[in-house]
Structure formats: structure tokens, C-alpha cells
Amino acid sequence: MIHGENIGIIIVAAGSGSRFGSELPKQFCMLGDKPVLIHAIERFQSFLPQAHIIVVVSADRLQFWNDLKQCYQVSGTAETIGGKTRWESVRNAISQLPVSTSRIMVHDGARPLVDAKVIERLLDASDNADGALPVLPMTDSLRMATASDESHAVDRSQFFAVQTPQVFRADKLRKAYTLPYSSIMTDDASVMEAAGFNNIRLCEGSETTLKITRPIDIHIARLHLTETV
Ligand code: C5P
């Protein structure tokens with residue numbers, strides 16, 4: 001509990017991770033001595049020990065997840081079953097959080113190295129807002145593809161890469177997730193925005209909070225692991 005507040009954390013881990021190229025979804029791959037998802041859970045439990053955590057897994061991985069929990073002695077989390085899209089997975093979990101939850105944090109289970117400083121920045125930034133999300137500036141030049149197989153340069157200073165965890169007022173996030181799905185909803189800020197909740201603050205993200213997507217990412221995360229423990 002932070003200043004008497006109930007925080008709910010949803011960790012989505014029901015994806016199949018086709019870009020990772022392994023049969024085992026990326027959130028269950030080993031990073032050092034434990035799976036990616038276990039790192040994320042342990043970090044949240046250490047930074048926000050009173051928070052209520054829901055882990056979303058696919059139906060066909062539920063038994064596997066229960067075995068992992070036993071193996072790594074994970075306690076204090078609840079589970080729910082995910083859906084075909086990330087949006088559906090988050091929606092399924094929202095209804096499992098206690099009604100007393102005031103802010104909900106949503107995190108990709110494929111991002112193992114949750115950073116305490118980012119969580120602090122998010123909670124501060126969202127204090128008087130609908131929510132907050134961590135972003136990083138773009139480092140590559142950017143181009144936008146046009147319909148005619150051409151492209152044009154865009155000003156990269158106007159764009160950010162978006163990370164998780166993202167945090168939102170629970171009542172507003174619950175309402176936003178009652179609206180229909182659209183393919184642009186690859187994160188939770190986009191769901192809030194579609195519902196008209198635009199008072200969402202950006203705060204500085206962290207290079208260490210990378211999402212494991214391609215095989216090389218696990219090697220990069222391994223390097224960060226030694227810096228962040
Ligand atoms: O596929 P992507 O990398 O964008 O997935 C981000 C997070 O959402 C991952 O942790 C993944 O397990 C989760 N996810 C989910 N349910 C889905 C698809 C993705 O929980 N149907």
C-alpha cells in the first residue's frame with residue numbers, strides 16, 4: 001500500500017511470442033537463474049510489497065505456470081486466463097482485481113527488468129492525472145511508408161518508444177476496457193485514449209526495461225541483469 005492506496009498489478013504473459021522463434025514463449029525463457037516472468041514478479045513484489053498481483057497466462061500454459069510457481073516458490077499472486085490478443089488478456093484480469101483498487105499498473109510479462117526508479121516516476125506523474133506511461137526517445141531516424149510504395153522522413157523528436165508498466169486510475173481503466181477492441185490497442189494507454197481519457201502523462205522510461213522479443217534481447221537483458229541487481 002502506498003500512502004494508504006490499493007495498487008493492482010496486471011502482468012500479461014499469455015502471448016505465444018512468434019517473433020522469438022522458440023516453442024517456449026519468451027516470458028518463460030531463462031534469464032540468468034530464473035525465467036523472465038519470475039524476474040518481473042519478484043521485482044514488483046520487492047518494490048510494491050502490498051500490491052495485489054494478477055498474472056495472466058494462456059489456458060494451455062496454466063499447468064506449466066503452476067509448476068513454475070512451485071519451483072521458484074512464487075506466492076502472493078493470483079492467476080487468470082488470457083485471450084487471443086493482449087487487450088483481451090488485460091480485460092480478463094481487470095475484473096479479478098479487488099473493487100477497492102485505486103490505481104492499476106499493467107506490465108508485459110516479457111519485460112523482466114522492471115526498474116524501481118521508473119515505478120517511482122510513474123506514481124508521481126500519475127498523482128493528478130488519469131495515468132502515466134514510460135517512454136524513451138527515438139534514436140534511429142524515422143520514415144513513414146506511403147500507400148504508393150514510397151516513404152518520407154518524419155521528425156523523430158515528435159515520437160517516443162512506449163514501455164510498460166503503465167499506470168492508470170482503476171475506475172477509468174475499467175471503463176475504457178468495456179469499449180470495443182481495435183487493432184491499434186497494443187498497449188493500455190491507447191485503450192484509455194480511445195475512451196477519451198487523455199490526461200495521461202509521459203515519464204522517462206529505462207533502457208533496462210526492454211521487452212524480450214527477438215532471441216538477441218535475452219543476451220542484452222543478461223548484460224543489464226548484472227547492472228540492475
Ligand atoms: O506480443 P507482444 O510482445 O506485444 O506482447 C506483450 C505482452 O503481452 C507479452 O508479455 C505477452 O505475453 C502478452 N500477451 C498476452 N496475451 C496475448 C498476447 C500477448 O498476455 N494474447
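A: Helices (H or I, at least four residues) and strands (E, at least two) are DSSP runs, numbered from the N terminus. The model here is predicted, so local features need pLDDT of at least 70 and side-chain atom pairs 80 or more, while totals for chains, interfaces and linings use all residues. Residues count from 1 along each chain as its sequence is written, and side-chain values use heavy atoms, with hydrogens and water left out.

Q: Which element gives the most to the lining of the largest pocket?

A: A pocket is an open set of points on a 1 Å grid over the protein atoms alone, where a 1.4 Å probe fits, with protein on both sides within 12 Å along at least five of seven lines; lining residues have an atom within 4 Å of a point. Here α6 leads with four residues. β1, α3, β7 (131–137), β10 (160–162), α6 (188–194) and β12 (200–204) each supply at least two.

Q: Which residues lie closest to the centre of the largest pocket?

A: The volume, meaning the space filled by probe spheres set on the points, is about 1,100 Å³ for this pocket. Of its 41 lining residues, R86, D108, T186, D187 and K211 are closest to the centre. The lining splits into 16 nonpolar, 16 polar and nine charged residues, with Gly counted as polar and Ala and Tyr as nonpolar.

Q: Where does the ligand sit?

A: In the largest pocket, going by more than half of its atoms lying within 2 Å of the grid points. β1 (7–13) and α3 (86–94) are the elements that give two or more residues to the shell around the ligand.

Q: How many residues surround the ligand?

A: With a heavy atom within 4 Å as the cut-off, 16 residues do, and V12, A14, K26, G83 and S89 are the closest. Sorted by type, the shell has four nonpolar, six polar and six charged residues.

Q: Which backbone atoms lie by an oxygen atom of the ligand?

A: Look for polar contacts, pairs of N or O atoms within 3.5 Å. A backbone N or O atom of G15 is 2.9 Å from a ligand oxygen, and one of A110 is 3.2 Å from a ligand oxygen. On the nitrogen side, a polar backbone atom of K84 lies 3.2 Å from a ligand nitrogen.

Q: What lines the second largest pocket?

A: 19 residues do, with L136, A161, L210, K211 and R214 nearest its centre. Its volume is about 520 Å³. α7 gives the most to this lining, three residues, and β7, β10 and α7 (215–228) each supply at least two. By type, the lining has seven nonpolar, five polar and seven charged residues.

Notes: A polar contact is a pair of N or O atoms within 3.5 Å; within protein, one must be able to donate a hydrogen and the other to accept it, and residues adjacent in sequence count only if both atoms are side-chain atoms.
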